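Work through the exercises below with the model open. Try each task before you read its solution.

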Amino acid sequence: MFPASFDFYRAHSAEEAVSLLGEHGADSRILAGGQSLIPAMRYRLAQPTVLVDINQMQAANYITEENGELRIGATVRDSDLEFSDLIRTNYQLMSDVSDVVADPIVRFRGTLIGSLCHNDPSGDWPAAMLAARAKMIIQNKDGKRVVNADEFIVDSFTTAVEEGEMAVETIWPTPSKNTGASYQKIERKVGDYATAAAAVQLELNEDGTVKEAGIGITAVSYVALRVAEGEALLRGQKVTRNLIKAVAAEASKMADPIADGRGSAEYKKEVVGVLVAKGIMQSLERLGRKVEA
Amino acid sequence: MEITLNVNGQEHKVDVEPRTLLVYALRENCGLKGAHVGCDSSSCGVCTVVLDGKIPVKSCTMFAVQAEGHEITTIEGLGGGANLHPLQKAFHEQHGLQCGYCTPAMIMSSYALLQHNPDPSEDDIRRGLSGNLCRCTGYMNIVKAVQQAAADMRQPAEAAD
């Protein structure tokens with residue numbers, strides 16, 4: 001199908017984009033990669049009356065690392081992350097996710113910030129954002145505010161970005177050398193939504209105990225979830241088989257999936273725990289550590 | 001809206017609505033039927049064209065107005081007739097198709113892949129083409145065709161070494 005009609009504007013700065021969004025109200029949307037928005041418009045699930053294209057906004061196309069943080073602009077595409085040596089070397093979780101988001105062609109166009117703003121309950125990036133403790137900078141006509149992942153992710157397809165606002169930058173803490181991460185995803189085929197997926201990031205102390213843990217799960221509820229109880233179980237502990245089982249059980253307990261062609265609710269609830277366990281094990285392996293008996 | 005699309009090195013002045021998808025502008029306004037329409041859900045990749053010499057895009061998931069200012073390459077721009085591009089020649093020789101519906105996009109996606117990775121492994125090719133669906137074949141001959149074309153396209157550089 002063809003999308004419903006809309007008026008098309010090109011914004012060349014965040015200020016211009018925010019001003020256009022303010023002028024046109026709730027039915028106006030930012031158009032970045034468009035890889036979720038355009039299909040939604042074709043199905044008439046979304047019918048914005050105004051699109052503000054930001055693709056020519058050169059100043060938004062940056063990946064910079066400084067002072068222990070990675071800053072990414074609004075037009076950075078998944079493929080920019082996939083092919084970045086910096087990301088591959090220093091940001092294991094982001095690197096893992098950028099290899100499996102959608103399909104290779106979509107990754108050349110889709111943006112990280114666009115995916116986060118779309119906030120699909122089966123999306124890959126929201127789970128990673130939760131596990132990595134990332135933040136979003138949101139701009140409106142009065143200025144900017146910083147929102148952490150837990151506040152940013154509000155509900156299915158709903159984020160902290162309000163009418164007249166634009167997400168302009170996402171900030172990911174630079175993991176320490178003692179940090180291992182892993183993204184575990186089951187999908188029926190490339191390009192399909194995840195059947196279930198888990199993002200895990202573990203920072204260890206010198207003695208091998210867990211300093212900080214981040215776990216996000218997706219496609220198993222109305223929105224991506226942070227497995228806070230599981231993270232708390234890991235903190236300060238040596239990672240044993242029994243501990244992994246307990247953390248996996250916390251993920252399964254939180255999951256409230258719906259049955260569809262990808263699997264029954266029971267299966268998804270079970271398998272998301274398995275994915276969390278595999279994610280913990282791979283995070284440790286990547287640090288050259290083994291699970292304690 | 002009056003826009004100018006640069007397709008295969010030629011300028012096309014076209015009058016489109018903002019909602020006109022690039023694939024329809026190419027097919028209906030520019031008369032280039034090589035980019036096909038398949039799934040209507042951005043899944044199948046048969047509409048793949050190349051932007052700025054190396055970026056593969058699904059032309060059903062981009063508005064024509066967004067392609068203004070970019071160089072668009074479609075299968076018609078790669079070659080034809082007696083002047084087949086090494087990829088077209090290889091798909092022919094390796095029989096990398098059955099019905100042919102996915103073939104132009106398969107070739108454009110392969111073209112972009114080879115710009116990024118001139119010497120891909122079989123796994124790189126299978127991964128790189130995983131956004132393009134073929135419902136006839138088992139992909140075996142498609143992979144072989146891309147391997148042959150990659151070798152052909154590397155040859156001048158290797159000969160110069």
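**Exercise 1. Domains of chain A**

Task: Which domains does the assignment give for chain A?

Solution: 
- Take the bounds from the assignment, which is automatic or from a database. Domain 1 covers 7-53, domain 2 covers 58-173 and domain 3 covers 179-286.
- Now place two of them. The centres of domain 1 and domain 3 of chain A, taken over C-alpha atoms, lie 34 Å apart.

Two notes on the source. This is a predicted model, with pLDDT of at least 70 required for local features and 80 or more for side-chain atom pairs, while totals for chains, interfaces and linings use all residues. Residues are numbered from 1 along each chain as its sequence is written, chains are lettered from A and ligands numbered from 1 in the order written, and side-chain values use heavy atoms, without hydrogens and water.

**Exercise 2. Chain A against chain B**

Task: Describe the interface of chain A and chain B by contact, area and salt bridges.

Solution: 
- Count the residues in contact (heavy atoms within 4.5 Å). Chain A supplies 33 and chain B supplies 30.
- In chain A, the residues that lose the most area to chain B are A:Arg42, A:Ile105 and A:Phe108, together 26% of what that side buries.
- Get the total buried area (accessible area, 1.4 Å probe, that two parts lose on being put together, summed over both). For chain A and chain B this area is about 2,600 Å², with 60% from carbon and sulfur atoms.
- Look for salt bridges (a side-chain nitrogen of Lys or Arg within 4 Å of a carboxyl oxygen of Asp or Glu). The rule finds five across this interface.
- Inspect A:Arg42 again. Its side chain forms a salt bridge with that of B:Asp40, at 2.3 Å from N to O.

**Exercise 3. Inside chain B**

Task: How do domain 1 and domain 2 of chain B meet?

Solution: 
- Domain 1 of chain B is 2-78 and domain 2 is 86-154.
- Find the centres. They are 20 Å apart, taken over C-alpha atoms.
- Count the contacts. 20 residues of domain 1 touch 16 residues of domain 2.
- Find the main contributors. B:His36, B:Ile75 and B:Leu78 supply 35% of the area that domain 1 buries against domain 2, more than any other three residues.

**Exercise 4. The largest cavity**

Task: What lines the largest cavity?

Solution: 
- Apply the rule: on a 1 Å grid over the protein atoms alone, a cavity is a set of points where a 1.4 Å probe fits but cannot get out, and lining residues have an atom within 4 Å of a point.
- Count the cavities. There are three of 30 Å³ or more.
- List the lining of the largest cavity. Among them are A:Tyr91, A:Met94, A:Trp172 and A:Gln201.

Technical notes: 1 Å grid on protein atoms, 1.4 Å probe; cavity = no way out; pocket = protein on both sides within 12 Å on 5 of 7 lines; lining within 4 Å. Points joined across faces, edges and corners; volume = space filled by probe spheres on them.
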